[in-house]
Amino acid sequence: MASFEPVLTRNFGVENIRSIDVYRAKGGYKAAETALRSMSPEQVVEVVTAANLRGRGGAGFPAGVKWSFLPKDRRITYLCVNADESEPGTFNNRALMEGDPHQVLEGILISGYATRTTTAYIYMRVEFHEQFHVLQKALDAAYAAGLFGRNILGTNFSMDCYIHRGAGAYVCGEETGLIESLEGKRGWPRIKPPFPAVEGLFRRPTVVNNVETLACVVHIIERGAEWFKSIGTANSAGPKLYTISGPVKRPGVYEAPLGLSCRELIFGDAYAQGMSDGKGVKGCIPGGLSVGVLTEQELDCKLDFDDVRKYGLLGLGTAGAIVIPSDADIRQVLMNVTRFYAHESCGQCTQCREGTSWMYKIAARIAIGAGRIEDLDLLIEVSQNMGMMGGLSICGLPDGAAYPIRTIVEKFRDEFERHIRAQEPGRAAEVLRRLNPAAYSLPILGQSRWVGVR
Amino acid sequence: MAWESLDRRTPVIEPNAPPVLSEAIRAKIRSFFPRYETKRAALLPALHVVQDALGHVSWQAMKEIAEVLEIPPAQVLDTISFYTHFWTHEKGRKVVVLCRSLSCQLLGADAVRQAIERQLKIGEHETTEDGAYSFVTEECLAACDHAPCLLINERLHKCVKPGDVPKLLADPNNDRVAMPRSELFDRPAGSAVESKGGA
Ligand SMILES: Cc1cc2nc3c(=O)[nH]c(=O)nc-3n(C[C@H](O)[C@H](O)[C@H](O)COP(=O)(O)O)c2cc1C
Ligand code: SF4
Ligand code: FES
């Protein structure tokens, strides 16, 4: 651990690092020169593939492999940089863009070269106002220095780069939702295949990558694939920006080798340094809201692409940890989580649209003290009947909804039951009857009883 | 819910309304065309430019945007109704956007919300009588390390306590980011519009 040298954050806090001259004085754009002047695009793809750089945007797909899916005979290629960052608990892209904007642009340049990109679009969520100005100013300076536009660095490689601002929709972070949104449409994800690499933006071959993924490329070119693989664990190579928030002493962004344990992230001296106000930990959602929850006893889970699955989580996600303190009411947590997905479902697929808002309604009733024990089974059942993994929906949003909701209900079931048993008798039935008696007289699958209003 | 029109009153459609997009605004929208293969792709930038210039995007403005982009107005309406950022009816000069996601809630966003509603005397999706403020809540603003946080127009306010709210809302410069800025998406210079809040 002690030998770990942060690279993604190495320039954070350097005075005037947003200026291109300062970035260059720190060795910036050297990797881009190496790539463009002395490597072929195919060689860059090879090095990135050899480094096993897995996507940092949530799905963890190897970047080099994704790039190699582009058809060989293409003339136009688009690179979409995913800076939509809307996963609750996640802010590493924001930190990269405001902390070292030229590193992000250098990553785009090298990756654009590797994929023979003609135009790169940085799709940035609109709430990033400051970050937009920072990055646009940096981009203007990079253009003036001949790093974007025609014949970059005197080679015959040309590429444009623009920032495209979103308009407030989580689902536009999904790669094909992003593409639709860029085309000026509502951000409705597309059915795949065809995958974007074959038919993406304006029906051309397109690569979508997260900001952090592209920032890693700079260091892979600078230091080589072997160096990258020497960091982290066998299947999860490289440094990662972990973010942590909630009632901890030092919320923020921390760079560490992949495989950091959740406990270390919360309590480690180099990280969040424990809970504020002497609170205990009830649980932690370790990878952005969509991955699911770890209980206090499970905090030794290693945050890499594999270990998380042993704890029933969806995956590493974005490695944005939200710590839930022991005095939080789990019913409020569940309501907050379900509301997010109900609000952000784009509404194309029935299971997702109806399922997410149904779960929100159930969670809201539990939160106001009108829950039923059966509701807990109902939540789990609904969560199992949606999602791309089961082939029931177009994109991964409902999978991301199912995991946190299911793990919260399963892992904290005792607590929910305690609250429900302590409710005023008859309250649940009364509220139900008032809201919609018919809607809740439904059978729970796999159980031979009807759950009517009692 | 993205598929549900939450904050949108039916736009008043007046067949003989006068044009609202100045030539400067139209030119600004057209300046985005070279970036994309289709003109339709310039729709989000166009909506940003129009909302920044006029405060909101009326049905008349949608029709004129459609004209500039050479697409049917229905496509503009379809797109705009999907995104929470755009207003199809008048909003306040400043919009307070409070984060309501988990980290912020765990650190007291509910109390901040009550303080805002008390101070402005409005609820969510409402606008004060003098047209100074509108108030909405949104999901995670990607600033959870500063929870609870809120945006006032462009400016992010970090770790807001309920007690800070009256002073915060009284500050005339609470909506500006003081830094070198890019004018790309800004209101075009010289367009005849009301001045946008603040001092
Ligand atoms: C509902 C949903 C939201 C997503 N939001 C984001 C996001 O905000 N940022 C991001 O980088 N990836 C997001 N993704 C993942 C992208 O679809 C895609 O996998 C990623 O951008 C690929 O980049 P990477 O391979 O570099 O990780 C989201 C996926 C889903 C299903
Ligand atoms: S799964 Fe949900 S968010 Fe994804 S496309 Fe279908 S309705 Fe939209
Ligand atoms: S939860 Fe409020 S900014 Fe992320």
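**Figure 1. C284(A) and L294(A) are bridge partners, the latter lying in strand 9 of chain A.** The model shown in this and the following views is predicted. Strand 8 of chain A covers residues 281-285 and runs antiparallel to strand 9 of chain A, to which two bridges join it. Both strands belong to an open sheet of five strands in chain A, whose order is 6-5-11-8-9 and whose pairing is mixed. At the edges of this sheet stand strand 6 (252-257) and strand 9 (294-295) of chain A, each of which pairs on one side only.

**Figure 2. An open sheet of chain B contains five strands in the order 2-3-1-4-5.** The pairing within this sheet of chain B is mixed. Strand 2 (126-127) and strand 5 (155-157) of chain B each have a single partner strand, so one side of each has no neighbour in the sheet. Strand 4 of chain B, made of residues 150-152, pairs with strand 5 of chain B through three bridges in the antiparallel sense. Within this part of the sheet, L151(B) is placed opposite L156(B), a residue of strand 5 of chain B.

**Figure 3. Chain B contains seven helices and five strands.** Chain B has 199 residues, of which 55% are buried.

**Figure 4. The side chains of S81(B) and R186(A) are joined by a polar contact.** The contact has a length of 2.9 Å. In chain B, S81(B) is part of the loop that lies between helix 4 (73-80) and strand 1 (94-99). S81(B) has a relative accessibility of 19% and therefore counts as buried, the limit for this class being under 20%.

**Figure 5. Ligand 1 has 19 residues around it.** The residues that come nearest to ligand 1 are G57(A), N82(A), N209(A), N210(A) and T213(A). Two of the views in this figure concern side chains. For N82(A), an N or O atom of the side chain is 2.9 Å from an oxygen atom of ligand 1. For N209(A), a polar side-chain atom lies 2.8 Å from an oxygen atom of ligand 1. The backbone also takes part in the surroundings of the ligand: an N or O atom in the backbone of R56(A) lies 3.3 Å from an oxygen atom of ligand 1.

**Figure 6. Ligand 2 takes up the space of the second largest cavity.** Around ligand 2 there are 13 residues, and those that come nearest are C346(A), Q348(A), C349(A), C352(A) and C395(A). By residue class, the shell around ligand 2 consists of nine nonpolar and four polar residues, with no charged residue.

**Figure 7. A169(A) lies in a loop of chain A between strand 3 (160-165) and helix 8 (175-182).** A169(A) counts as buried because its relative accessibility is 9%, and the class is defined by a value under 20%. The view also includes G390(A), which is 221 residues away from A169(A) along the chain. The C-alpha atoms of A169(A) and G390(A) are separated by 24 Å.

Conventions
Residues numbered from 1 in each chain as written. Chains lettered and ligands numbered in written order. Predicted model: local features only at pLDDT ≥ 70, side-chain atom pairs only at ≥ 80, totals over all residues. Heavy atoms only, no water. Helix = DSSP H or I, 4+ residues; strand = E, 2+ residues; numbered from the N terminus. Buried < 20%, exposed > 50% of the residue type's maximum accessible area, 1.4 Å probe, protein only. Polar contact = N/O pair within 3.5 Å; in protein donor to acceptor, adjacent residues only side chain to side chain. Pairing = 2+ DSSP bridges. Near = heavy atom within 4 Å. 1 Å grid on protein atoms, 1.4 Å probe; cavity = no way out; pocket = protein on both sides within 12 Å on 5 of 7 lines; lining within 4 Å. Sits in = over half its atoms within 2 Å of the grid points. Nonpolar A, V, L, I, M, F, W, Y, C, P; charged D, E, K, R; others polar.
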